[in-house]
Amino acid sequence: MLSSGVMRLMKDSFGRTIDYLRVSITDRCNLRCIYCMPPEGVDWMPHDDVIRFEEIIRICRIMAVMGIRNIKVTGGEPLARRGAADLVRGVKALPGIEKVTMTTNGVLLGEYLDALIDAGLDAVNISLDSMDEDNFNRITRKENPGQILFAINRARDLGLPIKINCVPLRGVNEGDITKLAGLAKNSNIAVRFIELMPLGTAVALRPVPADEVMALLEGEYGSLSPSAAKLGNGPAVYYTLPGFEGHIGFISALSHGFCESCNRLRLTAAGFLKPCLSGDMGLDLRSLLRSGVSDKGIEKAIAELVSRKPAHHSFGGTQDRPDHSQKEMFRIGG
Ligand code: SAM
Ligand code: SF4
């Protein structure tokens, strides 16, 4: 237990250490990215069904005792939920929690940056699929990238570690990849290319494989060299480019499976704890909490779920039913 000074480790039945929890705090979003949401949006969850901040804090407290060290606040768009910075502060204050980070589309980041840094946010991941106004609009169906680029610059100037996430899409933003990677040239920023995962609206789109992205980058900037840098808690593999201050990362769930080293659990905005991004398996923590179960009872249920964490994701397998309400990315949180 933490109180006795001994940090507990949480292991699944394959010996993987589980120390990372992604928490989706809302299913709502101010963008409609073509690989994530339909153009008309979706029916947002009723207010009472969304996990409350005090419930999230309780879950994180219990899980910190069990071995969770790092928390990622995500969504939907986390900054679309009022009080997101207060949640960051509350989670950061929990004994055992080392890092609290956030994944955001960046639209509201400029507005909340000072509050987030003051609350103790350790780093930010910002999704940006194009710096070209037309293409950005084509992908997000809203806004323009100007305010996101402003927020990136400000976050950098304030010393907040930044990762940029781009999902390369065939026939959509292939032409924007080298320019996006250029953000890592003169700044210590990691630009990561995430392979499209076949969930929800993404099934109608085609990814650009990582090998092709690499070839594009090498054609523009020279050879990619593997980097030993450990940047964060995730499955990204990092490289450097000649003369680049920052890094280039690749997250390739399908073509270069990352399950062997999976260290994470996901809490959806409905309070459903998922041991794997794919599949229906999970634990309805919201109902458990609201039914008055003790911390010990919740810990037991989480431990039982972790013992059933699958060895591999099942994208394309029989577990994937496209109509399952906890399966869209904006509900799971990426
Ligand atoms: N709204 C925030 C954002 O966009 O960063 C946080 C939530 S979003 C669901 C988290 C991450 O999931 C984003 O980087 C987004 O690009 C990624 N994502 C969404 N749908 C995806 C898909 N089908 N395949 C791969 N990545 C996806
Ligand atoms: Fe919103 Fe993020 Fe999904 Fe885009 S990827 S629609 S920003 S939740």
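**Cysteines, ligand shell and sheet of the predicted model**

Cysteine 36 is buried, at a relative accessible area of 18% (buried, under 20%; exposed, over 50%; partly exposed, in between; 1.4 Å probe, protein chains only). Cysteine 259 also counts as buried, with 8% relative accessibility. The number of disulfides is 0, a disulfide being a pair of cysteine sulfur atoms within 2.5 Å. Cysteine 259 is in no disulfide, and its nearest cysteine sulfur, that of cysteine 276, lies 6.2 Å away.

The model is predicted: local features require pLDDT of at least 70, side-chain atom pairs count only at pLDDT 80 or more, and totals for chains, interfaces and linings use all residues. Residues are numbered from 1 along each chain as its sequence is written, chains are lettered from A and ligands numbered from 1 in the order in which they are written, and side-chain values use heavy atoms, with hydrogens and water left out.

Cys36 is one of the residues around ligand 2, together with Cys29, Leu31, Cys33, Tyr35, Gly76 and Asn105 (a heavy atom within 4 Å). This shell comprises 5 nonpolar, 2 polar and no charged residues (nonpolar: Ala, Val, Leu, Ile, Met, Phe, Trp, Tyr, Cys and Pro; charged: Asp, Glu, Lys and Arg; polar: the others, Gly among them).

Strands E2 (residues 70-74) and E3 (residues 99-104) run parallel and are joined by 4 bridges. Lysine 72 stands opposite threonine 101 in E3.

How values were computed: Two strands pair if DSSP finds at least two bridges between them. Helices (H or I, at least four residues) and strands (E, at least two) are DSSP runs, numbered from the N terminus.
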